[in-house]
Amino acid sequence: MHACTTPDQPTAADVRDLVREALPRERNLPVAPVDEGGEHSTWWVGDRYVLRIAPDADASARQRRELALRDALRPLLSVDVPASAASGSWARGRAYTVDVRLPGVSAERRAVGPEGERDLARLLGVLRTAGAPPLPVAAPRALDALGAAAGRALARLAADGEIPGGLAVDTGAAPAPAAATAVLHNDLKGEHLLVSAAGRVSGVLDWADAVVGDPAEDVAGLALSVGAAAAARVAAAAGHARAVAERGLLLARCDTAIRLADRLYGDDDSPLPLLRAQLTRAWER
């Protein structure tokens, strides 16, 4: 265990010490926080690794579960998932992993092409049928309350000109939850999809929120990342029933409206351009 001088949040010096212990064959690798400002839980380590630090016991349990899930899924997937070069505890009860960086850039910066859609379909197809290490089970979200909240958000956004022209804002009838469950990545945002120069999906990051639950949730994540039309195509090619895609798109449309309204009128601090882009993708027809 690395003895960190500030157990609530490691300093850059603590991170350098941890890296030296975790990767003894490497020499003087530079470290830098992934994001500027605030507290840092993710650090670049040289140009080959990324260090992810769990800040508490709950995050540590999720990270350890993530490492086991990635190892179980890796032989089954045609897209890459990160491999851990080293893992352990950086303070008592608080985990870390040094992951090998994967090639590609975020789907927020590069479009997923037709072959990339097929990569995503194969991913969802594997998750639909895969056995996996024990994961939490998440109940399907109730759409009545979600739809009502989205309706209020949409009315305010439309009044302020925040709904792009040409987008329909009727959430429509709520489809019933799918009877089937699947392993879910549960956070398939564009930042977690790496895309090659050819438009292929070269990697899928951050499996810490994985659960067993409603497969429509991953369709919803893809609607935010690659657009509603592509998400529906991917779901169909993965073997999901049409109702799964319909429910996923409705979840995405409700979520994006609520999140944008929370950012504009509440206390959410997510980047506005990202939220607007996600809303446009999710509500495309």
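Helix H2 (residues 57-73) lies across strand E3 (49-53), E4 and E5, and runs at about 35° to E5. Contact here means heavy atoms within 4.5 Å. Helices (H or I, at least four residues) and strands (E, at least two) are DSSP runs, numbered from the N terminus. Axes are lines fitted to C-alpha atoms, for helices over the stretch in contact, and angles run from 0 to 180 degrees between N-to-C directions.

This is a predicted model, in which local features need pLDDT of at least 70 and side-chain atom pairs count only at pLDDT 80 or more, while totals for chains, interfaces and linings use all residues. Residues are numbered from 1 along each chain as its sequence is written, and side-chain values use heavy atoms, with hydrogens and water left out.

I turn to the sheet. Five strands form an open sheet in the order E1-E2-E3-E5-E4, with antiparallel pairing; two strands pair if DSSP finds at least two bridges between them. At the edges are strand E1 (31-33) and strand E4 (84-91), each of which pairs on one side only. E4 is joined to strand E5 (residues 94-100) by six bridges, and the two run antiparallel. Within E5, Ala 95 stands opposite Ser 89.

Finally, the helices. How far apart are the axes of H5 and H7? Helix H5 (residues 216-226) and helix H7 (residues 242-265) pack with their axes 7 Å apart, at an angle of about 55°. They are therefore oblique to each other, as angles under 35 degrees count as roughly parallel, over 145 as roughly antiparallel, 65 to 115 as roughly perpendicular and the rest as oblique.
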